[in-house]
Structures are given as C-alpha cells and as structure tokens.
Amino acid sequence: MDSSFFSQVDLCQLMRPRKVCVCNQVSEEEILTSIRNGHDTLEKLMDDTGASTGCGTCMGSVRKLLAQELKVPRA
Ligand code: FES
C-alpha cells in the first residue's frame, strides 16, 4: 500500500461529524434532520441538503439512511 492510502484514511478519521456526502460536506445528522423534517424522498433530500448532487458516490448511503429512518424494508 502506498502512503496516499493512509493519508486518505487519516483525513476521513478527522472528519467529525462524519460526512456522508464529501462533495457537499453533508453530515449524517443533517440528512437525518432533513428526513425528520419531512424530506422523505431522495429528490427532496437532495434539494434540501445538497447531498448526492455532486459526483453521486454517496447516493447509496443517502438511500440507506432514508430507508432506515422511514423503516422501509430493503428489497
Ligand atoms: S460524495 Fe456526495 S455527491 Fe459526491
């Protein structure tokens, strides 16, 4: 493993609270708060928080938080 791997890991460890969406610096808590405030679809969450509006890498994590918070069974 090269040293850049460890640098990325260390940077992630330093990010508190943990950012679900790195592109737009959106934390898990911000996403949960948005869901609890009625943004109960991915599109509404994206509009409200900006999460998943960049590279899209976080979309799976955002969907997972949405499903967990709304207690939707996973398909
Ligand atoms: S990490 Fe969320 S859009 Fe890129």
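Helix 2 and helix 3 cross in a right-handed sense. In this predicted model, helix 2 covers residues 28-36 and helix 3 covers residues 42-49, and the two pack at an angle of about 120 degrees with their axes 10 Å apart. Because of that angle, helix 2 counts as oblique to helix 3.

Which residues make the contact between these two helices? On the helix 2 side they are Glu30, Ile31, Ser34 and Ile35, and on the helix 3 side Leu45, Asp48 and Thr49.

Helix 2 has another packing partner to look at. It packs with helix 4 at an angle of about 45 degrees, and their axes lie 10 Å apart. That angle is why helix 2 is also described as oblique to helix 4. Here too the crossing is right-handed. Glu28, Ile31, Leu32 and Ile35 of helix 2 meet Val62, Leu65, Leu66 and Glu69 of helix 4. These residues divide into 6 nonpolar, no polar and 2 charged.

| Helix pair | Angle | Axis separation |
|---|---|---|
| Helix 2 and helix 3 | about 120 degrees | 10 Å |
| Helix 2 and helix 4 | about 45 degrees | 10 Å |

Now for helix 4 itself. Spanning residues 59-70, helix 4 has 12 residues, and from its first C-alpha to its last it reaches 16 Å, close to the 16 Å expected at 1.5 Å a residue. Just past the end of helix 4 comes lysine 71, with a positive phi of about 55 degrees.

How confident is the predictor, and where is its confidence lowest and highest? Across the protein, pLDDT averages 87, and 76% of the residues score at least 70. The lowest confidence falls in helix 1 (residues 3-14), with a mean of 62, while helix 3 has the highest, at 98.

Technical notes: Residues numbered from 1 in each chain as written. Predicted model: local features only at pLDDT ≥ 70, side-chain atom pairs only at ≥ 80, totals over all residues. Axes fitted to C-alpha atoms, helices over the stretch in contact; angles between N-to-C directions. Helix = DSSP H or I, 4+ residues; strand = E, 2+ residues; numbered from the N terminus. Parallel < 35°, antiparallel > 145°, perpendicular 65-115°, else oblique. Left-handed = near helix turned anticlockwise from the far one by under 90°. Contact = placed C-beta atoms within 7 Å. pLDDT = per-residue confidence, 0-100. Expected span 1.5 Å × (residues − 1). Nonpolar A, V, L, I, M, F, W, Y, C, P; charged D, E, K, R; others polar.
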